[in-house]
Amino acid sequence: MAERMGSEGTAAGQDDRDRARRVRRNAIVLGLVALAFYVGFILMAVTGVRG
Amino acid sequence: MANTIHADHAHDHDHDHKPHGLKRWLFATNHKDIGTMYLVFALVMFFMGGAMALVIRAELFQPGLQFVDPQFFNSMTTVHALLMIFGGVMPAWTGLANWMIPMQVGAPDMALPRLNNFSFWILPFAFTLLLLTFVVPGGAPAGGWTLYPPLVLQMGDGFPLMIFAIHLMGASSILGAINVIVTIMNMRAPGMGLLNMPLFCWTWLITAYLLIAVMPVLAGAVTMLLTDHFFGTSFFSAAGGGDPVMFQHIFWFFGHPEVYILILPAFGIVSEIIPAFSRKPLFGYETMVYASASIAFLSFIVWAHHMFTVGMPLAGQLFFMLSTMLIAVPTGVKVFNWCATMWKGSITFETPMLFAIAFLFLFTIGGFSGLMLAVVPADFQYHDTYFVVAHFHYVLVPGAVFAIMAGVYYWLPKWTGRMYDEKLGKAHFWCSTIGVNVLFFPQHFLGLAGMPRRIPDYSTQFADWNMVSSVGAFIFGFSQLLFVAVVWKAARSGAPAPQRPWEGAHGLEWELPTPAPYHSWETPPPPSVIARGAEH
Ligand code: HEM
Ligand SMILES: [Cu+2]
């Protein structure tokens with residue numbers, strides 16, 4: 001880890017930053033998916049989809 | 001995210017440096033520390049939920065009302081279930097995921113360590129809120145863990161506390177699941193393909209997707225209960241144009257995938273332990289992955305098997321009966337593969353393997369009773385009887401809980417650097433296995449004879465098997481003190497463990513020194529190590 005820390009600006013540092021970006025993007029997308037399920041089911045109930 | 005992983009190390013280059021004292025735990029970002037907190041939390045919840053179960057079984061030891069009043073009895077069944085599911089099994093899986101996934105995929109830590117801290121620390125608050133309901137006017141939830149309206153809306157002042165607690169538990173699980181997915185998708189060592197991962201990572205990955213899909217649905221359902229209670233909506237009230245049955249649909253759309261959330265990681269653990277102690281590669285690794293994925297998919301289209309008796313069109317009954325039975329196919333594939341893995345293996349029976357084998361037999365019994373319940377006309381008879389109680393306890397206790405214990409025995413040497421006492425471990429295994437069967441097998445008979453679930457009193461023809469079941473409950477419950485003793489003794493004074501205490505064990509975790517270093521793989525493992533570790 002120390003070696004990666006000292007490597008900002010190098011190729012490895014670039015990899016780390018790319019990964020950090022990917023991680024953040026994935027986490028946000030998954031969070032939004034969860035939110036969509038939450039809101040979606042409430043909306044479904046509001047609009048009266050039922051058996 | 002890589003820079004968060006490094007954040008607390010920005011000022012020092014001694015990488016094994018750990019923060020000390022309370023701060024280490026309060027501000028923990030290390031996957032092992034957080035994993036330990038999850039596991040300890042789960043253990044505490046198992047004991048509290050277990051104490052409630054013993055209150056239930058003490059009351060049911062004889063017909064008549066002995067110890068508690070019926071309202072409190074109903075709180076015991078309700079809170080027992082909530083504690084065991086959301087406080088015991090799920091956090092135990094997250095604890096194991098925290099400990100093992102970074103080690104198994106060749107990563108230094110989880111991808112989102114601060115989120116990890118947050119998802120853990122939500123839990124103590126959530127369960128404090130839930131337990132507070134015992135001391136507010138109206139008492140704790142008593143309408144069953146399924147929270148059906150209109151009954152649940154009759155709860156006293158504890159109602160909003162319970163709803164908030166469930167929201168928090170859900171948020172914690174969702175955040176934990178996001179962390180698992182993001183870790184597996186982004187933190188694998190170069191060369192560690194998805195199909196090289198140990199099955200525990202695979203089944204957890206699938207579980208995490210289930211969590212993200214269905215925990216929000218539960219949150220939606222309880223939000224609607226909340227607005228029905230306080231804000232004059234009538235989602236579930238027929239008087240206002242709503243429909244109480246709709247709650248059941250929404251709840252079980254969450255509820256059935258939830259039961260697979262409780263069992264899929266167990267499939268993963270058993271799929272690692274059986275090959276290790278059979279000294280053979282797992283039979284059908286890829287079919288195991290596909291079977292897990294099919295089970296997860298099917299789990300979304302079977303929910304109404306929990307509500308056959310509310311009345312639904314024949315086509316609905318047929319659909320849900322057949323889709324439910326379809327799940328037996330991938331489940332059967334798994335059971336077959338585990339048996340085929342043991343076939344002609346040179347098997348030894350250390351404690352983790354004993355628990356895994358017991359899992360294989362006893363989980364399968366639960367699967368069979370599930371199939372019986374899936375038969376619509378039969379379910380009309382069995383529904384809401386002790387037969388259902390027997391079914392889900394077979395899949396959950398000698399299923400999920402045994403797999404958790406198998407995993408703890410299996411990995412404890414890697415975690416602590418010390419071996420547990422094999423004799424004591426075996427004693428714990430035999431007491432638990434005998435206890436659990438004496439406890440739950442007679443409940444099949446009671447259910448078939450018509451004893452309803454969730455009642456504090458019963459007619460006298462059910463007396464004998466209830467007594468047997470209660471004796472089993474006390475044997476099983478007190479045996480778990482042995483578990484604590486074994487783990488405690490190992491961690492304190494166990495013999496030093498070698499790097500690979502189980503000769504047949506594969507997986508990257510066994511390529512790390514014992515005890516595992518604070519940051520698992522600071523430099524990714526080289527391809528030769530990955531190849532050795534991934535030899536399933
Ligand atoms: C072959 C697989 C399975 C089948 C066919 C199956 C089928 C069923 C059916 C039809 C019911 C409803 C019974 C009723 O209320 O009348 C049920 C209830 C239940 N099952 Fe399963 N099941 C299976 C596996 C599992 C697993 C793996 C778990 C958990 C680890 C589980 C946990 C539960 C629980 C908790 C309930 C009761 C929920 C409640 O009413 O409180 N089942 N199962
Ligand atoms: Cu189900």
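Ala, Val, Leu, Ile, Met, Phe, Trp, Tyr, Cys and Pro count here as nonpolar, Asp, Glu, Lys and Arg as charged, and the others, Gly among them, as polar. By these classes, the shell around ligand 1 holds 13 nonpolar, seven polar and two charged residues. The model is predicted: local features need pLDDT of at least 70 and side-chain atom pairs pLDDT 80 or more, while totals for chains, interfaces and linings use all residues. Residues are numbered from 1 along each chain as its sequence is written, chains are lettered from A and ligands numbered from 1 in the order in which they are written, and side-chain values use heavy atoms, without hydrogens and water.

**Copper site**
- Donors are N, O and S atoms within 2.8 Å of the metal (3.2 Å for Na, K and Ca); water is not among the atoms, so sites may look incomplete.
- B:His305 counts as buried because its relative accessibility is 13%, buried meaning under 20% relative accessible area (1.4 Å probe, protein chains only).
- The iron atom of ligand 1 lies 4.5 Å from the copper ion.

**Shell of ligand 1**
- Of the 22 residues around ligand 1 (a heavy atom within 4 Å), B:Trp145, B:Asp379, B:His383, B:His391 and B:Arg453 come nearest.
- For B:His391, the side-chain N or O atom is 2.8 Å from a nitrogen atom of ligand 1.

Conventions. Buried means under 20% relative accessible area, exposed over 50%, partly exposed in between (1.4 Å probe, protein chains only). A polar contact is a pair of N or O atoms within 3.5 Å; within protein, one must be able to donate a hydrogen and the other to accept it, and residues adjacent in sequence count only if both atoms are side-chain atoms.
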